[in-house]
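Please read them alongside the coordinates.

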Amino acid sequence: MNTTKYVILGGGMVAGYAAKEMVDRGLKPGELAIVSADSALPYERPPLSKSFLSGKDNEASILINGRDWYREHGIEMRLRTVIEHVDPTGRRIRTGSGEEFEFQNLLLATGASARQLDCPGNQLHDVFYLRSLKDSENIRSRAATAKQAVVIGGGFIGMEVASVLAQKKIQTTLVIREDRVWRRMFTPAMSAFFERYYVARAVRIVKNGNIAALEGTEVVRAVLLNDGQKISCDMVIIGVGAVPVTEPFEGNGIAIDSGVVVNEYLEGNYPGVYAAGDVANYPDPIFGTRRRVEHWDNAVSQGQHWARVILGDRQPFVHVPYFFSDVFDLSYELWGDSGGSTETVVRGDLNSSSFSVWWLKDKRLVAAFVMKRPDEERQIAPEWIKAGQTVSSENLGNPNRSVLEAMQR
Ligand SMILES: Cc1cc2nc3c(=O)[nH]c(=O)nc-3n(C[C@H](O)[C@H](O)[C@H](O)COP(=O)(O)OP(=O)(O)OC[C@H]3O[C@@H](n4cnc5c(N)ncnc54)[C@H](O)[C@@H]3O)c2cc1C
């Protein structure tokens with residue numbers, strides 16, 4: 001039996017940033033163990049569909065903490081260790097082979113896994129999903145000689161991968177089920193902007209595309225759509241969403257509802273058992289709802305927050321949801337939650353790559369998208385969303401007025 005005061009189950013982004021925060025706050029050697037199915041130390045996941053995939057980054061450059069850092073701080077790292085059972089009352093977690101880790105405080109940080117596409121041929125060689133470093137390495141290595149690729153899925157993973165492959169001069173087709181890219185997040189005008197940008201950079205976009213089958217004998221050779229269209233390819237990357245990894249906690253009394261249900265301190269229904277990151281379903285007091293967020297900043301902030309809570313600074317987690325992405329030469333950021341918004345206002349020009357989009361709900365700012373805009377726009381976006389700031393849409397949309405003039409007192 002291994003016994004440590006704190007155990008983090010899952011060695012991903014939450015674990016990397018939680019451990020760093022604990023060390024900064026005086027963690028003593030021998031107090032923390034991280035148990036992870038991964039074969040690599042905790043790393044940044046966003047580069048897997050961007051700079052790592054393109055070849056600009058390598059494993060060492062995306063580690064959250066250096067190779068020796070865990071040893072130097074007396075943190076036990078157990079890699080390639082899959083936990084199959086969590087016992088919140090006996091306060092231990094167990095692998096399939098029966099090895100146990102006992103804890104006083106446990107953080108469930110198992111993240112999410114790539115949603116599988118259910119269609120004939122999905123087991124063929126050169127059909128990839130993208131979640132781990134290994135997945136990205138495999139795609140990178142196949143892409144080195146590929147001539148034609150099909151990317152399935154019009155969310156951020158699909159869009160990022162398509163942009164990297166196109167820049168590698170691979171003939172790339174993006175197949176999306178919806179009638180426009182990233183329908184869930186973008187307004188129609190934003191989708192239209194990105195579609196134009198992609199098409200101008202040689203990405204073919206097939207909309208309303210339902211996959212009938214992936215074809216090939218051993219290796220994928222084509223994607224067949226329900227309408228009979230066949231797209232030749234020598235690799236397929238599937239990015240159709242993610243699902244929280246909750247299997248090890250199911251049936252053990254831990255409350256699960258689209259992720260592990262936690263309170264404002266990220267604590268679940270057993271004292272001393274917490275969850276953070278992609279797997280945590282937490283209360284968001286800013287929007288008065290519960291949510292589970294599958295983005296970088298949420299994993300970083302919740303990992304750090306958990307570390308502070310268990311080390312004595314018991315504050316509620318209050319945070320504006322945030323997301324960023326890089327595609328081709330564009331970088332953009334998105335804050336808040338546009339669900340239920342009643343109005344959108346654009347600043348800048350949707351025919352250029354410098355614009356921002358602001359979602360209002362009954363005059364209050366609820367979400368903002370900012371790309372290549374003055375710094376003040378990115379600064380006030382999260383502040384105003386957090387404060388529920390009411391704004392004048394007329395002033396906000398007026399190019400001759402600064403964004404600050406849109407504030408209504
Ligand atoms: C390719 C890619 C690109 C992304 N790009 C962006 C981006 O541009 N912007 C953005 O905001 N967000 C991005 N994200 C999202 C962001 O990376 C995630 O939100 C973040 O990684 C979540 O952190 P986590 O610690 O909750 O989960 P993860 O980082 O997924 O870590 C989960 C860990 O749990 C381990 N684990 C799971 N089950 C078990 C088990 N039973 N036993 C032991 N260990 C287990 C896994 O091996 C892994 O180490 C991206 C994600 C991916 C996959």
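Is Phe328 buried or exposed? With a relative accessible area of 16%, Phe328 is buried, where buried means under 20% relative accessible area, exposed over 50% and partly exposed in between, with a 1.4 Å probe and protein chains only.

1. Basis. This is a predicted model, in which local features need pLDDT of at least 70 and side-chain atom pairs count only at pLDDT 80 or more, while totals for chains, interfaces and linings use all residues. Residues are numbered from 1 along each chain as its sequence is written, and side-chain values use heavy atoms, with hydrogens and water left out.

2. Phe328 and its backbone. Phe328 sits in the loop between β21 and β22; helices (H or I, at least four residues) and strands (E, at least two) are DSSP runs, numbered from the N terminus. Its phi is near 45 degrees, a positive value in a residue other than glycine. Lys372 also has a positive phi, about 50 degrees, although Lys372 is not a glycine. Lys372 belongs to the loop between β25 (364-371) and α9 (375-387) and is partly exposed, with a relative accessible area of 48%.

3. Aromatic pairs. The search of the whole structure returns 23 aromatic pairs. The rings of Phe, Tyr and Trp (its six-membered ring) pair if their centres lie within 6.5 Å; planes under 30 degrees apart count as stacked, over 60 as edge-to-face and the rest as tilted. Tyr198 and Phe328 make an edge-to-face pair, 5.0 Å centre to centre with 80 degrees between the planes. This pair links distant parts of the chain, since Tyr198 is in helix α7 (residues 188-200) and Phe328 in the loop between β21 (322-327) and β22 (330-336), 130 residues apart. Both Tyr198 and Phe328 are buried.

4. A second pair. The ring centres of Trp296 and Phe324 are 5.7 Å apart and the planes lie at 85 degrees, so this pair is edge-to-face. Trp296 is in helix α8 (residues 296-310) and Phe324 in strand β21, so the pair ties together parts that are 28 residues apart in sequence. Trp296 counts as partly exposed at 28% relative accessibility, and Phe324 counts as partly exposed at 22%.

5. Cluster and charges over rings. One aromatic cluster includes Phe156, Trp182, Tyr197, Tyr198, Phe328 and Phe369, among others. Tyr197 has Arg201 over its face, at 3.5 Å from the ring centre. Arg314 lies over the face of Tyr265, at 4.2 Å from the ring centre. The criterion is NZ of Lys or CZ of Arg within 6 Å of the ring centre and within 35 degrees of the ring normal.

6. Helices α1 and α8. The axes of α1 (residues 13-24) and α8 come within 8 Å and cross at roughly 40 degrees. That makes α1 oblique to α8. Axes are lines fitted to C-alpha atoms, for helices over the stretch in contact, and angles run from 0 to 180 degrees between N-to-C directions; under 35 degrees counts as roughly parallel, over 145 as roughly antiparallel, 65 to 115 as roughly perpendicular and the rest as oblique. Residues of α1 that meet α8 include Met13, Tyr17 and Glu21, and those on the α8 side include Trp296, Gly303 and Ile310.

7. Helix α5. In α5 (residues 133-143), the residues Leu133, Ser136, Ile139, Arg142 and Ala143 are buried. These buried residues pack against α2 (51-54), α3 (59-62), β8 (127-129), α6 (156-167) and β15 (235-238).

8. Asp38. This residue is in the loop between β2 (32-35) and α2, and at 17% relative accessibility Asp38 counts as buried. Beyond its neighbours within four places in sequence, Asp38 is in contact (heavy atoms within 4.5 Å) with Tyr43, Arg45, Leu79 and Arg80.

9. Tyr70 is in helix α4 and is buried, with a relative accessible area of 2%. Leaving aside neighbours within four places in sequence, the contacts of Tyr70 include Gly16, Leu41 and Met77. Gly74 lies in the loop between α4 (69-72) and β3 (76-78) and counts as partly exposed at 27% relative accessibility.
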